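The stops below are meant to be selected one after another.

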Amino acid sequence: MRVHVVSDVHGASDALARAGEGSELFICLGDLVLFIDYHDMSRGIFSQLFGPDNCAKFVELRTQGRYDQAREFGNSLWEQRGGDRRSQLDDEVRKQYAELFAAMPDPALLTYGNVDLPTMWPEFTRPGHQVLDGQVVDINGVRFGFVGGGLRTAMRTPFEITDEDYAAKVEALGRVDVLCTHIPPALPELTYDTVARRFERGSSALLEAIVKTQPAIALFGHVHQPLASRTRIGKTECMNVGHFRSRQTPFVLDL
Ligand SMILES: [Mn+2]
């Protein structure tokens with residue numbers, strides 16, 4: 001079974017439309033929305049709303065780890081702009097989701113990233129799109145388990161949950177053959193981003209589950225430029241499927 005996997009699509013709908021070609025199963029591990037493009041300040045929702053110069057300033061504050069100042073700066077921009085913040089933001093997210101889900105291969109198995117708004121997905125998914133979070137699906141005798149979302153951070157991305165809630169979703173899976181998540185297990189070589197030069201959050205519940213249940217494969221994304229894109233935990237091959245927005249091609253797996 002030829003499986004194509006993508007994660008961290010972040011607005012790359014053109015490439016997404018081609019990503020299922022030649023596959024028998026298509027999997028998306030989330031982060032569809034592009035809030036900020038760290039390589040191109042003219043792209044993404046923040047820039048759409050406030051312009052590239054303000055976007056660059058916001059990114060600089062965040063890069064320096066000045067998250068409170070970044071948030072204050074963001075608040076001041078919203079005040080200048082006026083109007084209802086939530087509805088303007090939701091409008092921009094909906095524009096992106098409309099484009100992305102139209103391009104999403106169908107059928108597909110999907111879970112949420114931390115830069116996703118799960119409550120909106122039912123408006124955009126098509127009948128062949130199966131969204132799984134804390135759930136297992138059997139495809140040709142192979143058990144695929146899915147856990148979506150991220151853990152709490154100072155960045156306050158839209159879909160961050162508590163460690164306890166995340167652990168409960170991991171626990172709900174039981175034994176699987178292929179573990180599919182947005183964030184990696186909490187190992188430093190998998191969670192360190194060499195370009196952002198910081199640790200992203202990995203899950204220790206995920207790490208414990210891998211040690212205990214030894215799935216054949218663990219797939220994840222989230223860390224766009226990881227120190228190591230794969231490692232082994234006992235019998236489990238752990239693989240970061242890559243930053244789709246940069247790669248533009250899916251991760252290919254033959255099962
Ligand atoms: Mn991402």
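Where is the place of H222? Select H222: it sits in the loop between strand 12 and strand 13 (230-233). Helices (H or I, at least four residues) and strands (E, at least two) are DSSP runs, numbered from the N terminus. The phi of H222 is near 75 degrees, a positive value in a residue other than glycine. Most residues other than glycine have a negative phi, and most peptide bonds are trans. H222 counts as buried because it has 27 C-beta neighbours inside 10 Å. A residue is buried if 20 or more other C-beta atoms lie within 10 Å of its own, exposed if 12 or fewer, and partly exposed in between, with C-beta atoms placed from the backbone.

Before moving on, note what is on the screen. This is a predicted model, in which local features need pLDDT of at least 70 and side-chain atom pairs count only at pLDDT 80 or more, while totals for chains, interfaces and linings use all residues. Residues are numbered from 1 along each chain as its sequence is written.

**Whole chain**

Along the principal axes, the C-alpha atoms fill a box of roughly 55 × 35 × 30 Å. Of the 255 residues, 38% count as buried. Among contacts with a separation of 6 or more, 58% come from residues 24 or more positions apart; two residues are in contact if their C-beta atoms, placed from the backbone, lie within 7 Å.

**Strand 12 and its partners**

Return to strand 12 (residues 217-220). Strand 12 pairs with strand 14 (residues 236-240) in the parallel sense over four bridges, and I217 stands opposite E237. Two strands pair if DSSP finds at least two bridges between them. Strand 12 also pairs with strand 9 in the parallel sense, over three bridges. Here L179 has A218 as its bridge partner, and C180 stands opposite L219.

Now select strand 9 (residues 178-181), which is covered on both faces: V178 and C180 on one side and L179 and T181 on the other are all buried. Strand 6 (residues 142-147) runs parallel to strand 9 and is joined to it by four bridges.

**The core**

Which residues touch the most other members of the largest nonpolar core? They are I27 and L219, in a core of 55 residues. A nonpolar core is a set of buried Ala, Val, Leu, Ile, Met, Phe, Trp, Tyr and Cys residues joined through C-beta atoms within 7 Å. Select I27 and show its contacts: leaving out residues up to four places away in sequence, I27 touches V3, V5, A108, L109 and C180.

Next, display the open sheet of five strands, in the order 4-3-2-1-15 and with mixed pairing. Strand 4 (129-131) and strand 15 (251-254) stand at the edges with a single partner strand each, so one side of each has no neighbour in the sheet. The twist averages 25 degrees from one strand to the next, with axes being lines fitted to C-alpha atoms and angles running from 0 to 180 degrees between N-to-C directions.

Strand 3 (residues 108-110) pairs with strand 4 in the parallel sense over three bridges, and L109 stands opposite Q130. Step back to P107, in the loop between helix 5 (85-103) and strand 3. A cis peptide bond joins D106 and P107, with omega about 5 degrees.

Then select D8, in the loop between strand 1 (2-6) and helix 1 (13-18). D8 is another non-glycine residue with a positive phi, near 55 degrees, and is buried, with 26 other C-beta atoms within 10 Å.

**Last stop**

Finish at F199, in strand 11 (residues 198-199). F199 counts as partly exposed because it has 14 C-beta neighbours inside 10 Å. Not counting residues up to four places away in sequence, F199 touches T191 and Y192. The C-alpha atoms of F199 and E189 are separated by 9.2 Å.
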